[in-house]
Every structure is written in C-alpha cells, then in structure tokens.
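Biologist: I am new to this structure. Please take me through its contacts one at a time.

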Amino acid sequence: MSERGTDNHSEVTDFILVGFRVRSELHILLFLLFLLVYAMILLGNVGMMTIIMTDPRLNTPMYFFLGNLSFIDLFYSSVIAPKAMINFWSESKSISFAGCVTQLFLFALFIVAEAFLLAAMAYDRFIAICNPLLYSVQMTARLCMQLVAGSYLCGSFSSILLTSVTFTLSFCASRAIDHFYCDYRPLQRISCSDLYFLKVVSFFLCSIIILPTIIVIIVSYMYIVSTVLKIRSTEGRKKAFSTCSSHLGVVSVLYGAVIFMYVIPDRFPELSKVASLCYTLVTPMLNPLIYSLRNKDVKEALKKLLKKNPIL
C-alpha cells in the first residue's frame, strides 16, 4: 500500500451514511415506518423470550432455539435501526470510524450466527419428525447448548475476519457510504485499495456459511417432506407441515435477501438497500409473529402469562 493511501486512511475519523435516496419530505414517513417496525421487533422478540423463559412447558429444544433466535433478531436489528432513525433527522448523517467498525462487527456476528442457528433448527425438526422415538435421546440439552454455542462461535470468527480485512482498506475515494448502515460491500465501493484479498475473504466466508447451512436445511426438509407424506392421518400430516412451514418461510426470506446482497454482483445499490431491509428489519419483525400465531403452545403460554399479569 502506498504512503499516500496510508495517510488518507489514518485521516478518516467518520463516515456519512447516505441512506435512502428519496425526497427530504419522505424522511418523516420512513422514520415513522422504521419506528413502527422496530417497536414491533422489540415487543415481539422480548415477548417471545419472556414466554419461553417463564413457561415450563416450553422447556424443549425447539423453544430453546426459538429463544436464541429472538435474542439474535433483537440484537442485530438494534445495531441497525436506532442509528438509521437518527439519521432521518440528522443533517450530517455521520457515523464515527469506531461506530462503523462496531456496527459491521456486531451485525456480521449475529447474522452469521442466525444462519447456523436456522440450520440447527432444521436438524431439530428433522429428528423430531423423522425419528420421534429417539428425539429425547439425540436432542439432549448438551447438544442444544453445543449447537447454539457453535453458532455464536462461527459468527464471531466470521465477524472478526471480515471486519479486520475491511478496515485495513484505505478510504480515500469518499467518506459517503451509499447505504443506511456500515456493510462491507458499500465500504469497498469507496476504497482506493486493492480489493482482491477482501473479495477472496468474502467468497470464502460465503462458501463456508451459506452453502453448508443451506445444504443442511434442504436435506433436512427433503427427509421431513418424505416422512410427512407417509403419515396416513390427515390431521397428523397437517400438524407436521404447520410446524415446519413457518421455519421454511423465515429461511426463504432471509436467504433470498442475503444471496441477493452478498452473492449476486453488486450492481444495484438501491435494490441492495431494499434487500437489506428484509433481513435487518422485516425478518426480525416476522419471526415472533410467525412462530406465535402458528404455534398452539406459544399461544396458550401467552394467555397464561396475560392472566397472571393483567397489566400486560
């Protein structure tokens, strides 16, 4: 790297988050929309975690994974949404260099952890439906803890690698990030460094994150569908499909948006922002709604909690 590039890199103390390229009068509407969605995320995910932790009947592997999913959704949406809402009212729309590093690090950590957690949930449903008699033997508390811990560990490793490589670049082209949060693709657009190593690292991470988790999910559901179709009882078949359809819906939205954002060539910045909304705000908002409205146990636990605490 040249001396000039190093000097320019050292001078960067903050960035500007351009956000959505819309008329200024629409910023109020976007702020209200973000506020509404974020309020639903807080209410839904905190509510889901509260229900799971307070009802003994939900002390099962599936709800243990669901509780962690709610925690992840709550955390990484909180990394993005508050700053985005502040910037709708801010003239400068700036974020400090340290703030940008922190935002990318935490977001990458939790979005990768969610991908591996969704794969673990698919494996859990595979065991529950395809090997129900062995479920309690195979899906032990220790294994569940290991799967969740492994998800966070993979997220941490990926986040440290991606963040460290991204912020060794020189940002001498511009300080304006054409996005509503700090992500490595918009950051590489404003870098004047050689991007080869960053592209190799991002390809490597996509290969070890997206591909294995998708394979686990697809294979698990192929076996699940095959097993469900053999069930003679219409009611049993309906219950099994109902249990899994919500998970498949979440996976489809999340992976569809992530593949568009990180696998397809970066040629449509504005569409990338819309795709980012799917996994930063829409999915965290929908997860508790999908799993509660389609789940009899959660609805009963919620009714029980509301009866004990009428103020809620």
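Modeller: A salt bridge is a side-chain nitrogen of Lys or Arg within 4 Å of a carboxyl oxygen of Asp or Glu. This is a predicted model, in which local features need pLDDT of at least 70 and side-chain atom pairs count only at pLDDT 80 or more, while totals for chains, interfaces and linings use all residues. Residues are numbered from 1 along each chain as its sequence is written, and side-chain values use heavy atoms, with hydrogens and water left out.

Biologist: How many salt bridges does the structure hold?

Modeller: Side chains of opposite charge can pair when their charged atoms come close. In this structure the number of salt bridges is 7.

Biologist: How many residues apart in sequence are the parts that Arg-21 and Glu-270 tie together?

Modeller: The side chains of Arg-21 and Glu-270 meet in a salt bridge of 3.7 Å, N to O. Arg-21 sits in the loop between β1 (14-17) and α2 (26-54), whereas Glu-270 is in helix α10 (residues 269-293). Helices (H or I, at least four residues) and strands (E, at least two) are DSSP runs, numbered from the N terminus. The pair therefore ties together parts whose separation in sequence, in residues, is 249.

Biologist: Which residue forms a salt bridge with Arg-57?

Modeller: Arg-57 is partly exposed, with 47% relative accessibility. The closest N and O atoms are 3.1 Å apart, and the partner is Asp-55.

Biologist: How many aromatic pairs are there?

Modeller: Rings of Phe, Tyr and Trp (its six-membered ring) pair if their centres lie within 6.5 Å; planes under 30 degrees apart count as stacked, over 60 as edge-to-face and the rest as tilted. By this rule the count is 22.

Biologist: What is the angle between the ring planes of Phe-34 and Phe-180?

Modeller: The centres of these two rings are 6.2 Å apart, and the pair is edge-to-face, with planes at 90°. Phe-34 lies in helix α2 and Phe-180 in the loop between β3 (176-177) and α7 (184-189), so the pair ties together parts 146 residues apart in sequence. Phe-34 is buried at 3%, as is Phe-180 at 4%. The angle asked for is 90°.

Biologist: Which strand lies between β2 and β3 in the sheet order?

Modeller: Strands of a sheet pair through backbone hydrogen bonds, either parallel or antiparallel. Here two strands pair if DSSP finds at least two bridges between them. The edge strands are β2 (94-96) and β3, each pairing on one side only. The open sheet of 3 strands has mixed pairing and the order β2-β1-β3, which puts between them β1.

Biologist: Which residue in β2 is the bridge partner of Ile-16?

Modeller: β1 and β2 pair in the antiparallel sense over 3 bridges. The partner of Ile-16 in β2 is Ser-94.

Biologist: With which side chain does the side chain of Asn-68 make a polar contact of 3.3 Å?

Modeller: Asn-68 lies in helix α3 and is buried, at 13%. A polar contact is a pair of N or O atoms within 3.5 Å; within protein, one must be able to donate a hydrogen and the other to accept it, and residues adjacent in sequence count only if both atoms are side-chain atoms. A polar atom of the Asn-68 side chain lies 2.9 Å from the backbone oxygen of Phe-64. The 3.3 Å contact between side chains joins Asn-68 to Tyr-152.

Notes. Buried < 20%, exposed > 50% of the residue type's maximum accessible area, 1.4 Å probe, protein only.
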